[in-house]
Amino acid sequence: MRVTHRDVVCSFCGTLCDDIEVDVEDGRIAEVRHACRIGTTKFLSASRHEHRLLKPMVRENGRLKEVSLEEAVERAAEILAGAQRPLLYGWSSTSCEAQSVGIELAEVLGGVIDNTSTVCHGPSTIAVHEAGFISCTLGEVKNRADLVIYWGANPMHAHPRHLSRYSIYPRGYFRERGHQDRTLVVVDVRRTDTARLAQKFVRVQPGRDYELISALRAVVNGRKLPMDEVAGVSREDIEELAEMMKSCSFGVLFFGMGLTQSPGRHRNIDNAICLVRDLNTYTKFVIMPMRGHYNVVGFSEVLSWQAGFPFAVDFSKGYAWYNPGETTANDVLQRGECDAMLVVASDPVSNFPKPSVENMLKMPIVAIDVHPTPTTMVADVVIPAAIAGIEVEGTAYRMDVVPLRLRKVVEPPEGVLSDVEVLQRILERVKEIKG
Amino acid sequence: MKLVLKNGYVYDPANGVNGEKMDIFIENGKIVEEVSGAKEIDCSGMLVMPGGVEIHSHIAGGKVNTARLMRPEDHLRNVAPRTSVTRSVCGYSTPSTFLTGYAYSKMGYTTAFTAALPPLMARHTHEELHDIPMLDKGALTVMGNNWLIMHYLSEGRIEHACAYAAWLLRATKGYAIKAVNPGGSEAWGWGRDVRSLDDRVPHFDITPREIIRGLMEINERLSLPHSVHLHPNNLGRVGNFTTTLETLELTRDVKPSRERQVLQLTHAQFHSYGGDSWRNFSSEAESIAKAVNSSDRLVLDMGQVVFGDTTTMTADGPMEYYLSSLTGLKWANKDIELETAPGVTPFVYSEKSPVSGVQWAIGLELALLVESPEKVMLTTDHPNGAPFFTYPKIVAWLMSAKSREEVLERLHRAAQKNTVLGSIDREYGWSEICWVTRTAQARSLGLESKGHLGVGADADVAVYRIDPESTDPARDYEAVERAFSATALTVKGGEVVVRDGEVVKVVSGRTLYVDAGVGEELEREVLKDVDYYFKRFYTVNLANYPVQEVYLTSPEAVKVDSGVR
Ligand code: SF4
Ligand SMILES: [Zn+2]
């Protein structure tokens with residue numbers, strides 16, 4: 001029998017498309033409609049159990065051995081409760097409900113909790129502390145924007161439906177003709193696939209975004225540039241872009257990791273926010289980060305309302321302490337302070353810099369995930385989890401902080417619980433051990 | 001669970017009880033006539049009141065969290081570690097959800113309504129409310145710049161507007177209709193604002209006057225428990241009192257459907273400004289109070305300012321931009337498709353500033369010049385005028401002319417010159433304090449089992465360690481402030497949750513929302529329009545918009561059969 005689930009939310013990228021249709025046949029996902037290629041792959045791979053983690057495992061004499069869930073939870077709780085300074089890392093590809101339990105676990109353990117922002121949009125958040133944040137929901141872009149700029153972002157690859165759902169192609173209330181009513185500008189170090197669609201492409205020299213933003217600010221604020229080019233961009237181009245920005249009726253600047261992870265980092269974003277603030281003296285302008293993991297935003301939100309800070313929180317004082325550069329995952333790891341790690345829905349062994357990974361390998365690791373990864377392969381306890389948004393419900397926040405309810409379309413593999421339940425069991429046990 | 005609170009001085013003005021020594025009997029979470037074999041707690045020499053009710057405080061949701069995210073410096077000012085009962089907490093003007101619950105409870109509050117819930121973000125607001133312990137909760141759904149509302153009203157389709165508003169309350173699990181700078185936040189979508197009741201909203205064939213009048217009509221046709229809750233146009237602008245008076249005039253032709261006001265003028269302080277430049281900025285509290293005194297259709301909450309560093313946040317995007325351009329401080333803006341435009345910026349109210357001084361005086365003038373305490377509610381529009389934990393200070397100011405004078409003397413002379421506060425010698429008594437901190441709120445919200453201690457009321461009680469017989473609040477205002485800062489006992493739903501100012505038990509309260517029924521045929525028609533709006537203009541599917549009950553702690557639908565067909 002075939003059952004069609006409609007209005008399903010794709011729990012892959014921060015675009016968080018919620019119009020997916022999923023056909024389920026005999027308990028397996030048979031067909032996926034409306035999702036992009038990467039989203040479709042995620043849905044379809046859920047039902048390929050040969051690629052999944054299915055049994056809890058504990059390392060014994062150097063080898064991972066299948067055990068009962070109770071044993072795995074017990075071992076995980078012992079490792080974490082016995083640590084002086086555990087690091088709880090990951091969190092961006094799971095639900096807010098799991099994040100919430102993780103935060104309490106970190107508090108009870110007096111540990112450090114951090115998510116993948118630390119290696120992607122952390123700098124954007126730090127810039128918000130300095131300069132504020134001038135933004136909107138994506139529907140404002142859809143209905144109003146006549147100038148769309150992507151800076152250091154290539155949505156054609158990373159967020160394939162971003163242009164068609166929100167920014168360029170949709171017909172909006174005030175933009176009835178869709179892309180014909182809008183201008184697309186791309187600023188990047190190379191001509192990406194997104195840039196090929198743009199009416200204007202501005203090639204900035206690598207690592208010199210800050211200068212280009214400063215030049216734009218100068219021109220926007222009525223000054224004449226004393227030099228012929230800045231960051232590889234001619235004065236004419238800068239003046240033209242500044243004029244486009246000032247004269248549009250609703251402009252949006254989407255930025256990606258090209259801006260957050262190039263030299264200047266949070267200062268780039270700070271400067272970009274200031275540029276947008278300047279532009280608001282002349283017209284309507286907003287800015288938005290292109291968040292990657294589907295619920296990276298949710299983690300910052302939950303941590304902010306529960307503990308006051310968006311990432312990198314250290315509970316060793318009993319309350320939340322936040323100091324990026326000190327309490328961020330890689331800094332804690334590289335200073336060699338951690339003596340145990342809990343990794344949830346993430347693969348730092350593949351993604352972290354070598355000095356961090358070297359230290360990780362020296363400590364016991366508890367990993368909760370859906371699929372095997374290099375991190376689960378080196379872990380001492382591995383607990384499989386159901387997939388939020390496919391096998392269990394939950395909450396996720398889109399890149400513009402719009403919260404959506406993730407749906408369940410199929411049952412998880414037999415015996416596999418949600419990470420929420422697994423974390424709750426670990427938390428209960430840790431509380432008992434800690435007394 | 002049974003409990004007797006013995007021998008306290010009870011203030012329950014809604015039931016005509018004003019300081020009588022009596023016992024309060026509690027069983028199964030309710031106030032009852034009598035219980036036997038119950039645990040007794042001696043409250044002799046103490047002040048007993050119904051649990052406090054907060055009607056307008058920004059405690060949960062998108063802009064509150066944006067403020068937290070933007071202001072890490074705010075959190076490090078106030079921290080406490082986890083205990084065996086409570087979670088770790090932090091935050092000053094933007095406290096964490098846990099701290100919000102604990103801090104209100106310590107002050108004797110048992111219910112709180114968050115001031116503005118943007119529909120598309122409703123799930124976020126409820127996620128945060130879920131994490132606010134100790135309190136019964138509710139949220140006010142913003143509709144003053146809603147496209148569908150504006151369209152229906154401009155086309156004169158009032159029944160459709162009613163049915164849509166009812167649907168929106170249900171979908172967002174909201175409790176009442178809130179409007180913020182009607183028309184202005186939509187104009188902000190183009191970086192503009194509206195500055196008078198008769199400005200046209202760009203691209204929408206409607207004016208703020210028509211929106212406000214329309215929302216009141218919707219509210220009364222639906223016969224909702226609360227009235228329209230209005231943040232008028234021109235908040236914070238010099239000379240805005242004329243706009244406010246014109247707005248209050250609009251209530252004249254609205255017939256109340258229940259025994260309550262038809263409009264709550266919220267954070268009235270911010271709307272009572274005279275003068276024509278910041279140089280001659282002055283109080284017009286007298287004019288506003290006069291309008292409220294002469295009408296039985298109006299109530300207000302103060303929006304009191306207390307000096308210090310705080311964070312401003314409203315769904316009034318253009319106002320926050322304007323304010324941040326005055327101060328040069330960081331600014332967050334978050335326009336929400338088809339609905340509203342919240343903004344956030346930090347602010348410091350300084351005793352040395354002539355403007356802040358006048359603002360401080362205006363809030364108190366309003367509370368003291370409106371004759372009936374039944375029409376006044378103590379708020380700071382948390383955290384816009386000040387964080388909510390400054391309430392005990394405000395209670396003391398209301399009860400003591402001397403304490404006000406002391407402040408007035410320290411302020412910039414404009415506060416004396418451009419206000420009449422110094423000449424007001426009215427001092428509130430305990431009953432009046434009871435009205436303005438709980439009873440008036442419960443009345444205004446239509447919460448029949450709150451704000452009083454009659455039989456059948458919720459067993460939400462605050463016991464303050466102060467003897468009303470032997471205390472002269474006019475002189476001992478510091479003792480008043482101390483007592484109201486930390487209860488001897490807070491009882492929530494019949495359980496002792498705070499003892500001697502410490503949380504001893506964490507409970508999660510109920511979440512109240514309004515479910516107003518309208519005719520099926522009408523509802524179907526309106527849902528067709530809603531569907532069209534979602535297909536064409538929203539970026540989420542209609543099916544993913546309504547908030548599921550799983551997000552609410554002990555959800556409680558207040559059913560209303562409106563008669564709208
Ligand atoms: S764009 Fe992102 S959210 Fe949308 S279908 Fe593709 S992967 Fe999923
Ligand atoms: Zn408010």
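**Note on the interface of chain B and chain A**

1. Across the interface of chain B and chain A, 43 residue pairs, both at pLDDT 80 or more, are in polar contact (a pair of N or O atoms within 3.5 Å; within protein, one must be able to donate a hydrogen and the other to accept it, and residues adjacent in sequence count only if both atoms are side-chain atoms). On the side of chain B that touches chain A, strand β18 (residues 331–335) gives the most, with five residues. Strands (E, at least two residues) are DSSP runs numbered from the N terminus.

2. The model is predicted: local features need pLDDT of at least 70, side-chain atom pairs count only at pLDDT 80 or more, and totals for chains, interfaces and linings use all residues. Residues are numbered from 1 along each chain as its sequence is written, chains are lettered from A in the order in which they are written, and side-chain values use heavy atoms, leaving out hydrogens and water.

3. Contact (heavy atoms within 4.5 Å) involves 60 residues of chain B and 67 residues of chain A. The area buried between the two chains is about 5300 Å², with 53% from carbon and sulfur atoms; buried area is the accessible area (1.4 Å probe) that two parts lose on being put together, summed over both. In chain B, the residues that lose the most area to chain A are B:L69, B:W190 and B:T539, together 13% of what that side buries.

4. The rule finds six salt bridges across this interface (a side-chain nitrogen of Lys or Arg within 4 Å of a carboxyl oxygen of Asp or Glu). B:R87 forms a salt bridge with A:E107, with the closest N and O atoms 3.1 Å apart.

5. Strand β8 (residues 132–136) of chain A runs parallel to β18(B), joined by five bridges; A:C136 has B:D335 as its bridge partner in β18(B). Strands pair if DSSP finds at least two bridges between them.

Terms used
Helices (H or I, at least four residues) and strands (E, at least two) are DSSP runs, numbered from the N terminus.
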